[in-house]
Amino acid sequence: MHQPTSPNALRTTEETILVVDDDIDIVELLKISLESDGFNVHTACDGASGLENAWANVPDLVLLDVMMPHKDGFQVLKELREDARTKAVPVILLTARGQTEDKIRGLDTGADDYITKPFDLREVTARVEAVLGRTRPIKYINPLMKAMGDGFSEEGVEKLAGHLEAAAAIQRKLLPEKAPSLPKFDIATLLQSSTSVSGDFYDFIPLSEKHIGIVLGDVKGSGIPAALVMVMIRTALRLLCDEAMNRKTDFPYPEPAAILKRINDLLVRDTDVELFATMIYGVLDTADATFTYTNGGHCYPLHYNHRTGEIDFLEACGMLVGAFEEAAFTTKTCTLAPGDILVAYTDGITEAEGPPDIFYGEERLAACLAKHAAGGKLAPTAFCELVQNDLARFSGSTQPNDDRALVVIKHELRNERLVRYSS
Amino acid sequence: MNFDTTTREQNVTVLHIEGKIIGNTADTFQRAMERQLKEGNRNLVVALMDVPLIDSSALGAIILTVQSFRESGGKLVLLNPQRAVRDILEVTHLATVLEIYDTEESALSAFS
């Protein structure tokens with residue numbers, strides 16, 4: 001197995017918090033509480049030793065009392081910000097109740113948050129987690145910026161932003177702009193990213209005249225690390241398919257489960273254990289009208305049966321991809337009769353939140369499909385729009401809080417194309 | 001999210017979690033589990049009966065920590081996950097590699 005420690009984990013499990021307060025009881029209380037939350041805690045009882053401690057052993061966060069004799073919290077904060085080592089370390093100020101001016105001054109001087117005394121220990125934990133959650137990605141990017149040789153200059157930041165935009169552009173290019181046009185089948189897709197780069201992805205891989213590989217996946221997390229893993233999966237998948245089709249050994253195409261197993265083993269070997277993906281990979285046979293697929297721990301796709309008007313979930317056939325060596329996958333086949341619709345989606349759709357803790361869910365998605373598919377006239381592009389509108393209504397927002405992706409495949413009814421183009 | 005621990009026979013520790021494990025909370029969750037390993041408690045039962053909801057960050061924390069326990073020759077098992085959590089463990093097939101028990105008695109007997 002690989003070592004579960006590498007720079008691509010944003011979260012480090014050994015985070016250190018420096019507590020600076022002249023009240024020894026408060027220092028002890030915070031130390032006990034934060035240690036039980038799993039942090040390493042360093043302490044100092046005045047501003048000068050607080051600074052010394054911070055520079056000798058740069059912490060991940062500083063809890064800093066404002067009212068201290070000699071050097072007060074504002075002076076300490078100022079000196080922390082002026083020193084390159086501690087410039088970017090997040091600071092939460094501890095202020096006495098009602099001192100609004102302190103808060104404003106503190107935030108002006110570059111504090112990340114403040115906590116009013118007397119405080120609830122749970123509030124301290126919550127604020128510490130929230131600030132660390134915001135600053136972890138910055139900590140991750142800082143070494144990159146240093147490596148660029150521009151330190152923390154504005155020019156450096158601009159350059160980095162440029163690189164991120166370039167990364168997002170590369171990623172967008174990797175996703176097919178248009179679903180392929182196939183005989184008898186109509187395919188549409190939807191991708192909404194919650195950040196500039198996305199962890200959700202889909203791809204279409206031409207295998208032969210009548211076979212097309214279709215993948216829909218969701219890399220855990222979001223942002224650059226998720227996007228990098230997505231690019232890796234997408235490239236590996238295309239290479240594996242190409243290689244197998246050229247060798248012509250796996251007739252008529254490589255088994256989806258075997259492909260997914262190789263991607264699993266690659267990710268287990270080469271990435272952090274907490275970077276994993278869930279994905280569906282299948283081959284659409286346009287002549288036999290079958291979808292032969294495997295599912296690596298992904299939400300079960302919906303299959304609308306035109307003849308009965310009912311919806312089934314495609315069965316599970318394997319574990320999430322990239323976390324466990326022993327993951328095994330099986331291949332299954334589903335027949336898509338004329339009028340049938342297959343809908344693969346990511347959990348950004350089913351876990352869109354409406355009222356607090358109420359999710360959109362598979363049932364609503366299935367109901368939306370059943371309602372509109374009845375009669376056989378629903379086009380895949382129209383369904384993507386319907387889902388988007390339904391989600392906006394349900395969550396009260398058009399801005400998704402997680403990436404959302406949909407791949408909708410319909411076996412056209414005979415003469416449907418004729419009717420559609422003549423009307 | 002809140003948690004507390006109790007030590008049972010055979011050096012098994014039960015970590016009882018209460019509340020949703022989503023977003024940044026997953027970090028606290030992960031540290032709570034890893035702290036047990038650091039303190040030398042290599043047999044851990046994570047009690048999930050009072051966890052209504054988890055997300056992929058929490059799954060990541062579970063996967064990572066299960067591996068750490070395995071690598072150090074210990075074991076981490078899950079106790080009584082509720083419907084929403086159980087659904088996620090089943091869809092992702094994690095239920096096939098993780099040990100999941102319905103009662104504390106059966107969870108404890110996994111270490112004997």
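Mentor: The buried residues of helix 11 of chain A are covered by elements of chain A that include strand 6 (185-192), strand 14 (341-345), helix 9 (347-350), helix 10 (361-373) and strand 15 (404-411). This is a predicted model, in which local features need pLDDT of at least 70 and side-chain atom pairs count only at pLDDT 80 or more, while totals for chains, interfaces and linings use all residues. Residues are numbered from 1 along each chain as its sequence is written, chains are lettered from A and ligands numbered from 1 in the order in which they are written, and side-chain values use heavy atoms, with hydrogens and water left out.

Trainee: Why do the buried residues of helix 11 of chain A line one face of the helix?

Mentor: Helices (H or I, at least four residues) and strands (E, at least two) are DSSP runs, numbered from the N terminus. Buried means under 20% relative accessible area, exposed over 50%, and partly exposed in between (1.4 Å probe, protein chains only). In helix 11 of chain A, the buried residues are A:Pro380, A:Phe383, A:Cys384, A:Val387, A:Asp390, A:Leu391 and A:Phe394. Seen down the axis of helix 11 of chain A, they line one face because they fall within an arc (taken from the directions from the helix axis to the C-beta atoms) of 130°.

Trainee: Which residues are exposed on the other side of helix 11 of chain A?

Mentor: The buried face includes A:Cys384, which has a relative accessible area of 5%. On the other side of helix 11 of chain A, the exposed residues are A:Thr381, A:Glu385 and A:Arg393.

Trainee: How far apart are the closest N and O atoms of A:Asp113 and A:Arg127?

Mentor: A salt bridge is a side-chain nitrogen of Lys or Arg within 4 Å of a carboxyl oxygen of Asp or Glu. A:Asp113 is buried at a relative accessible area of 15%, whereas A:Arg127 is partly exposed at 27%. These two residues form a salt bridge, and their closest N and O atoms are apart by 3.0 Å.

Trainee: In which helix do A:Glu82 and A:Lys78 both lie?

Mentor: The side chains of A:Glu82 and A:Lys78 meet in a salt bridge of 3.3 Å, N to O. A:Glu82 is exposed, with a relative accessible area of 56%, and A:Lys78 is partly exposed, with 39%. Four residues apart, about one turn of the helix, both lie in helix 3 (residues 73-82) of chain A.

Methods
Contact = heavy atoms within 4.5 Å.
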